[in-house]
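Walk through this model with the structure open beside you.

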Amino acid sequence: MIPGAVKIEGVGVLPAQTEGRADVYSDNNYILAKSKWMPDDEATHCPLCQQKFSQLRRKHHCRQCGQVFCSKCCKTNVPLPQLGLENPERVCDGCLPVVELVTKSKSPQGSFQSESIQGLLEQIHDSTGLRKVVQLGGVQAIISLSRSSNSEVRKKCAEALHLLAMQEPLHNMLIDAGAIKALCGLLMSASETDEQLLSYLIGALMIFAKAPHLQMRVVQDGALPPVLALCGMNVSEAIALIAVRTLNLLMENIGSHTALIESDRNALPRLLKLTVSMDEQVKLFYISVGTTTGDIRQMQEVSLKTLSRLSMGTDYHRHRIVQEDFSAGKCLMKSLQCHPKNLQVLCNAACLVANLATSEQDQSSLTECLDALCSLLTKFKEQVDLLVHVIRGLANFASFHQNVYRLSTNEAVQQHSLRLILHVLHRSSEQAITALMRDGGADLLRSIAKTPGMVDAMQANLRQYVSALSAPS
Ligand SMILES: [Zn+2]
Ligand SMILES: [Zn+2]
């Protein structure tokens, strides 16, 4: 394959390049690079009608593709402002349909712009048309037209960009040409009542956000503000959910965390509010407009997951989450205390709080969350996935001296953690001692473990207070 070519449904095509910078969203006066002219003596037949060239059948170059044709197959003259050629030039019948559309996209007239985007949209619905569009500058035309003042043109651009985004081989070319900026610009100007338009736009952004190597570019090209705005907009739950999912994907890249925390003052409170389960009134409203309660639970699950990702970053990020949670109305507490059918909601909430528990400066703000974790320990005895986060969280809290009293006076925590240590000491004393040595107290534990009958006696004694078995609650 030629360098720079991409494959669309198995067939290679060389995408149009620009002279100078590739980003045509930022530079509406872009000029496409001209194709190389095929030397006359290499052409023996017209590639369209297959007729042999002769004294009578003369050779003509198409100014767009640079190939050599007969006069019948290369008869139309079209101005090519996209190549910097304002006067009509000869164009072959193969290039003509798409070239005319790209020429019209360069016009300031709304009616020409409408014809252009309508035609390009029809072309990209099948792979042959799509290849021509890619090759002849149609992608640049679509991105450029997304800045049109005509809202119908912009809407069709959104649909076209959504279709293009589905073509994975085009991703790099699309991003270089400014497709993310175009999607963001369109999102910023979209009305929250136009669900169709919003779903094209956020759907396309989500496709890009799914590719790990593109996530950073998507954030750099400005996706966070419009995606966050969409999370908080009065749009259908389905669209808001795609927005939160997109945000979650973008946060897979730790390099994007600061951008989220710094990008918009309301980003964190917005995300935090999405974690709180809705009251019955709101739920009934959403059900009446056709949203299932499943979507609402997913919203909680995904927003908590996104915050958990954010809490993996720096101490400053964790501190900001705790601060914003306080002003947003203690959403984390509410998430830990909710009774979701979807246990993943609680797992994500516990994971988030366990991460936040490492923040030294926030210990006093997190006291209630610590208590909520303790009660999960007794409420969900059988849920291993959840308990892993709960125990990790308690261990993190326990490393700060101000929590030690609170934890050691909590009966459930005290008894279960003692049981755990004794079990471990009993079964594999050497490994347990090595692990516990890191926290000191190794000598004491070693002597307990080595004293004959000591561990058994302690366990028997403890069993008087706490039973291994429990009736279902
Ligand atoms: Zn011909
Ligand atoms: Zn041509």
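**From helix pair to loops**

Helix 20 and helix 21 lie oblique to each other. This is a predicted model. Helix 20 covers residues 384-398 and helix 21 covers residues 401-408. Their axes come within 7 Å and cross at roughly 125 degrees. An angle of 65 to 115 degrees would count as roughly perpendicular, and one over 145 as roughly antiparallel.

Now look at the side chains where the two helices meet. Helix 20 contributes Leu394, Phe397 and Ala398 to the contact. Helix 21 contributes Asn403, Val404 and Leu407. The contact residues divide into 5 nonpolar and 1 polar, with no charged residue.

The buried residues are Ala179, Ile180, Lys181, Ala182, Leu183, Cys184, Gly185, Leu186 and Leu187.

Finish with backbone geometry in the loops. Most residues other than glycine have a negative phi. Glu9 has a positive phi of about 45 degrees, although it is not a glycine. Glu9 sits in the loop between strand 1 (6-8) and strand 2 (11-13). Glu9 counts as exposed because it has 11 C-beta neighbours inside 10 Å.

Gln50 also has a positive phi, near 65 degrees. Its place is in the loop between strand 2 and strand 3 (60-61). Gln50 has 9 C-beta neighbours inside 10 Å, so it counts as exposed.

Definitions and conventions. Residues numbered from 1 in each chain as written. Chains lettered and ligands numbered in written order. Predicted model: local features only at pLDDT ≥ 70, side-chain atom pairs only at ≥ 80, totals over all residues. Buried ≥ 20, exposed ≤ 12 C-beta atoms within 10 Å, placed from the backbone. Helix = DSSP H or I, 4+ residues; strand = E, 2+ residues; numbered from the N terminus. Axes fitted to C-alpha atoms, helices over the stretch in contact; angles between N-to-C directions. Parallel < 35°, antiparallel > 145°, perpendicular 65-115°, else oblique. Contact = placed C-beta atoms within 7 Å. Nonpolar A, V, L, I, M, F, W, Y, C, P; charged D, E, K, R; others polar.
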